[in-house]
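Trainee: I would like a close look at a single part of this model. Please take me through the sheet, strand by strand.

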Amino acid sequence: MNLPRTIRPVVGLLIAFLVALVVPASAGAAVPENVRVVTYDASQAAEFRDAVDAGAKVWNENVQNVRLEPASGGAADVMVLADNGWPRAEVIGLGQGRIWMGRQAVNEGHDTIRIAAHELGHILGLPDNRTGLCEDLMSGASAGPDCDNPKPNPDEIAEVERNFAGGVLIAPQVFREDVLATR
Ligand SMILES: [Zn+2]
């Protein structure tokens, strides 16, 4: 490069800076240190294990500040269970709790990946928002059994990003999807 002598050090520094930025990213699985990793254990989710993985993948494809990863030994942040009731989530704190993949909703035609993504949404700090709209993930069963959209809308994505950027405090609570039945 034929650069003026005075700016050569600047260019050198800039290149070093860019290399420092790019190299860790290209190292593959390494998660940037500002990303919160939330582990989940779907080993007791019976026939819903794949749906839980798919629901986690949807979130991972849509948010930056948190990553859902299968637990590899040790206690997971999120336990995923299966039973014959309605799906529900017991949130202990942001990124912590238990999910039940309830067969009753599945038997009534609700999509398993949407259920998993919705319940994970509670774990990520989102409340129910029963708009009846399929494009809203947190509308849950109010969108009807024909809705199989597992993707959060832009507002839901932004809220999760804010939750994890700020490490927001979430009060412990249980979200029961069957409240809909008596709404
Ligand atoms: Zn819900």
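In what order do the strands of the open sheet run, and what is the pairing?

Mentor: A word on the model before the order. This is a predicted model: local features need pLDDT of at least 70, side-chain atom pairs count only at pLDDT 80 or more, and totals for chains, interfaces and linings use all residues. Residues are numbered from 1 along each chain as its sequence is written.

The open sheet has 6 strands, in the order S2-S1-S3-S5-S4-S6, and the pairing is mixed. Strands S2 (66-70) and S6 (173-176) stand at the edges; each has a single partner strand, so one side of each is left without a neighbour in the sheet. From one strand to the next, the twist averages 20°. Strands here are DSSP runs (E, at least two residues), numbered from the N terminus. Two of them pair if DSSP finds at least two bridges between them.

Now S5, residues 96-102. Strand S5 is mostly covered, with 5 of its 7 residues buried (20 or more other C-beta atoms within 10 Å of a residue's own, the C-beta atoms being placed from the backbone). S3 (residues 78-83) pairs with S5 in the parallel sense, over 6 bridges. There, Val78 stands opposite Gly97. S4 pairs with S5 in the antiparallel sense, over 5 bridges. Ala89 faces Ile99 of S5. S4 and S5 form a hairpin with 2 residues between them, and Gly95 in the turn has a positive phi of about 80°.

Last, S4 (residues 88-93) also joins S6: 4 bridges, antiparallel. Glu90 stands opposite Val174 in S6.

Key. Axes are lines fitted to C-alpha atoms, for helices over the stretch in contact, and angles run from 0 to 180 degrees between N-to-C directions. A residue is buried if 20 or more other C-beta atoms lie within 10 Å of its own, exposed if 12 or fewer, and partly exposed in between; C-beta atoms are placed from the backbone.
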